[in-house]
Amino acid sequence: MHRSAGSVAQSITAEPVAHRRVPVRTRALRRRAGLGAWAALRLALALLVALPFAWMVLTSLKSSHEAVTWPPDLLPSVWRWSNYAEVWRAGSFGRWLFNSLAVATAVAIGNVALGGPAAFAFARLRFPGRNLLFFSVLATLMIPGELTLIPVFFILSRLGWINTYLALIVPFLVNGYSVFLLRQFFEGIPESITDAATLDGAGPVRLFWSVALPMARPAVAVSMFLSFVGTWNSYLYPLVVTRSVQMRTITVGLSLFQQEYGSNWVLLMGAATIIAAVPVVAFLIVERHLTDALTVTDQRG
C-alpha cells in the first residue's frame with residue numbers, strides 16, 4: 001500500500017510537469033518553423049527581384065548572337081567584358097554619364113550645405129513664425145514636380161539658364177524632405193551638449209558645423225543618398241531643360257541610345273547595367289550610415 005501510494009503521488013506530480021513541457025517544445029518548434037518559412041519567403045522574393053538584374057548583367061556579357069537565341073542560355077559561352085568598352089565609345093555615353101554624376105553629386109552636397117543650416121535653425125533657434133515656416137517647407141513635399149515644371153522652365157528661360165548645368169542643379173539644391181530629416185536628428189541631440197558648447201563661446205554657426213552636423217552623420221548620409229539617387233533617376237526635368245546632345249543626362253541619353261542601338265541588346269543591357277550600378281555603389285558607400293540612421297530612428301520611436 002505504501003508503494004502504491006508513493007507511485008500514485010509520483011505520477012500525480014509528474015503529470016503536470018509533462019503537461020508543462022509539451023507546450024513549450026511545441027511553441028519552440030512552431031517558432032522555428034515560422035522563422036524558417038519567413039526566411040524562405042524572403043529568399044524567394046530576393047531571388048525574384050534579383051533575377052531581372054542578373055539577366056541584364058549576363059546578357060551584357062554575351063555575343064550578339066547569344067543574346068537573341070531561343071531557348072536562351074543562362075551563361076555566356078565567352079565572357080565578353082569588351083562589350084562595356086563598346087558601350088563607352090558608342091554615341092556620347094561618357095559625356096552623359098559625367099553629366100549625371102556631376103549634377104547628382106552637386107545636388108546631394110547642396111542639400112546638406114543649404115538644407116542643413118535651415119534644418120538646424122528650425123530645430124534649435126527660436127524666432128517668430130518658425131513653426132509656420134517649417135510647415136510651409138513640409139507643404140512643398142505635397143506639390144508634384146510636374147506641376148511646377150512649366151513655371152520653373154519659364155524662370156530658367158528668362159535667366160538664360162536653359163541647356164546649362166545651372167538649370168539642372170540650382171532648382172534642386174534644397175529639398176523639403178532633407179530639411180525635415182535633418183531637423184529631426186538635430187532635435188535629438190542632447191541640449192547639454194549644445195549648452196556646453198555655447199558656454200565655451202560657440203555661436204550658432206559653430207554649433208552647426210562643429211557640433212550638430214558631425215553628430216548627424218547618419219542623417220547626412222541618408223539625405224545625400226536620397227538626393228543623389230533621385231537626381232540620378234530623373235528623366236522628365238532634364239529632358240525639358242536640356243536641348244543639345246552633350247548636355248543630356250544619362251537617363252535621357254539612354255532613350256537616345258535605344259533609338260540608335262535598339263536592335264543591339266548587348267549594348268543596351270551594358271548601358272542599363274552601368275546606369276543601375278551607380279546607385280548600387282552609392283548605397284554600398286553609405287550602407288553603414290543608413291543602418292545607423294535606421295537604428296537611431298527605431299530607438300527614438
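Predicted model: local features only at pLDDT ≥ 70, side-chain atom pairs only at ≥ 80, totals over all residues.
Me: Which loop does Asn163 lie in?

Reply: Asn163 lies in the loop between helix 7 (145–159) and helix 8 (165–169). Helices are DSSP runs of H or I with at least four residues, strands are E runs of at least two, and both are numbered from the N terminus. On that basis the chain has 15 helices and 0 strands.

Residues are numbered from 1 along each chain as its sequence is written, and side-chain values use heavy atoms, with hydrogens and water left out.

Me: Why does Asn163 count as partly exposed?

Reply: Its relative accessibility is 23%. Buried means under 20% relative accessible area, exposed over 50%, and partly exposed in between (1.4 Å probe, protein chains only). The 23% falls in between, so Asn163 counts as partly exposed.

Me: And phi of Asn163, positive or negative?

Reply: Positive, near 65°, in a residue other than glycine. Most residues other than glycine have a negative phi.

Me: How do you know whether Val229 is buried or exposed?

Reply: Val229, in helix 12 (217–233), has a relative accessible area of 17%. That is under 20%, so Val229 is buried. From Val229 to Ala108 is 121 residues in sequence, yet 8.9 Å in space, C-alpha to C-alpha.

Me: What about Ile150, buried or exposed?

Reply: Ile150 belongs to helix 7 and has a relative accessible area of 56%. That is over 50%, so Ile150 is exposed. Val240 lies 90 residues away from Ile150 in sequence and 9.2 Å away, C-alpha to C-alpha.

Me: Why is Asn264 called partly exposed?

Reply: Asn264, in the loop between helix 14 and helix 15, has a relative accessibility of 23%. The value sits between 20% and 50%, so partly exposed is the label.

Me: What makes a set of residues a nonpolar core, and how many residues has the largest nonpolar core?

Reply: The members are buried Ala, Val, Leu, Ile, Met, Phe, Trp, Tyr and Cys residues joined through side-chain atoms within 4.5 Å. The largest such core has 51 residues, and those with the most contacts inside it include Phe93, Phe186 and Trp232. Helix 15 (265–300) gives the largest share of this core, 11 residues. Another core, of 11 residues, lies apart from it, with Leu156 and Tyr237 among them.

Me: Which residues does Phe93 touch?

Reply: Leaving out residues up to four places away in sequence, Phe93 touches Val87, Trp88, Ile250, Phe257, Ala271 and Ile274. Contact means heavy atoms within 4.5 Å.

Me: What makes a pocket a pocket, and how much space lies in the largest pocket?

Reply: On a 1 Å grid over the protein atoms alone, a pocket is an open set of points with protein on both sides within 12 Å along at least five of seven lines, and lining residues have an atom within 4 Å of a point. The largest pocket holds about 960 Å³, a volume being the space filled by probe spheres set on the grid points. Of its 33 lining residues, those closest to the centre are Gly145, Thr148, Pro171, Phe172 and Asn175. Helix 7 gives the most to this lining, with 5 residues.

How values were computed: 1 Å grid on protein atoms, 1.4 Å probe; cavity = no way out; pocket = protein on both sides within 12 Å on 5 of 7 lines; lining within 4 Å.
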